[in-house]
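This report walks through one protein chain, from its overall surface to individual side chains. Please keep the sequence and the structure in view while reading.

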Amino acid sequence: LRIGFFGDSFTFGDEAPANQNFPNFFEVLARQNGYDIEIINFGRGWSGTTQSFYLWDKVKELYNLDASVFGPSGWFIDRNLSFNHT
């Protein structure tokens with residue numbers, strides 16, 4: 001099972017030690033419970049829901065994803081109305 005995680009810096013794991021982002025914790029927990037799972041973290045800092053959707057649309061078939069997770073945050077109006085929100 002291959003799952004792609006999409007979102008902003010919370011998904012990517014900015015300001016967190018390596019391998020301590022929530023997609024990684026999800027993968028570890030799933031494996032501990034006997035699931036054969038692969039997580040691909042597509043999170044990017046300063047990314048909004050719109051950018052995450054565009055990225056998902058481009059890579060979902062390329063990476064043959066079985067499922068996708070968006071979030072946990074990312075809905076910030078400035079990020080979704082402009083690609084230059086800084």
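## Surface and overall layout

The accessible surface of the chain comes to about 5,900 Å², and carbon and sulfur atoms hold 54% of that surface. The model is a predicted one. The chain has 86 residues, of which 34% count as buried.

There are 4 helices and 3 strands. Read from the N terminus, the elements follow the order β-α-α-β-α-β-α.

Helix α2 covers residues 22-32, and its buried residues are Pro23, Asn24, Glu27 and Ala30. These residues lie on the same side of α2, because they cover an arc of only 130 degrees around the axis. The cover over them includes strand β1 (2-6), helix α1 (9-12) and strand β2 (38-41). On the face turned away from the buried side, α2 carries the exposed residues Leu29 and Gln32.

Both ends of the helix have a local feature. At the start of α2, a side-chain oxygen of Asn21 comes to within 2.8 Å of the backbone nitrogen of Asn24. Just after α2, Gly34 has a positive phi of about 90 degrees.

Which residues does Glu27 touch, not counting residues up to four places away in sequence? They are Ile37, Glu38 and Ile39. Glu27 is found in helix α2 and has a relative accessible area of 16%. Buried means under 20% relative accessible area, so Glu27 counts as buried.

Phe26 also has its place in helix α2. With 39% relative accessibility, Phe26 counts as partly exposed. Leaving aside neighbours within four places in sequence, Phe26 is in contact with Ile3, Phe5, Ile37 and Ile39. Phe26 and Ile37 are 11 residues apart in sequence, and their C-alpha atoms are 9.7 Å apart in space.

## Salt bridges

Side chains of opposite charge can pair when their charged atoms come close. How many salt bridges does a search of the whole structure find? The search finds 3.

One of them joins the side chains of Arg2 and Glu38, at 2.9 Å from N to O. Arg2 lies in strand β1 and Glu38 in strand β2, so this pair ties together parts that are 36 residues apart in sequence. Arg2 is partly exposed, with a relative accessible area of 26%. Glu38 is partly exposed as well, at 34% relative accessibility.

Another salt bridge is formed by Arg31 with Glu27, where the closest N and O atoms are 3.3 Å apart. Arg31 and Glu27 are separated by about one helical turn, because they stand 4 residues apart in helix α2. Arg31 is partly exposed at a relative accessible area of 46%, whereas Glu27 is buried at 16%.

A further salt bridge brings together the side chains of Lys60 and Asp57, again given from N to O, at 2.9 Å. Lys60 counts as partly exposed, with 24% relative accessibility. Asp57 also counts as partly exposed, with 41%.

Helix α3 spans residues 49-59 and contains Tyr54. The buried residues of α3 are Gln51, Ser52 and Val59. Seen down the axis of α3, they fall within an arc of 100 degrees, so they line one face of the helix.

Together with Phe53 and Phe70, Tyr54 forms a nonpolar patch on the surface. The accessible area of these residues together is about 320 Å².

How values were computed
Residues are numbered from 1 along each chain as its sequence is written. This is a predicted model: local features need pLDDT of at least 70, side-chain atom pairs count only at pLDDT 80 or more; totals for chains, interfaces and linings use all residues. Side-chain values use heavy atoms; hydrogens and water are left out. Buried means under 20% relative accessible area, exposed over 50%, partly exposed in between (1.4 Å probe, protein chains only). Helices (H or I, at least four residues) and strands (E, at least two) are DSSP runs, numbered from the N terminus. The arc is that of the directions from the helix axis to the C-beta atoms. Contact means heavy atoms within 4.5 Å. A polar contact is a pair of N or O atoms within 3.5 Å; within protein, one must be able to donate a hydrogen and the other to accept it, and residues adjacent in sequence count only if both atoms are side-chain atoms. Patches are made of residues with over 30% relative accessible area and no salt bridge: like charges are joined within 9 Å, nonpolar side chains (Val, Leu, Ile, Met, Phe, Trp, Tyr) within 5 Å. Accessible areas come from the Shrake-Rupley method with a 1.4 Å probe; for residues, only the protein chains shown count as cover. A salt bridge is a side-chain nitrogen of Lys or Arg within 4 Å of a carboxyl oxygen of Asp or Glu.
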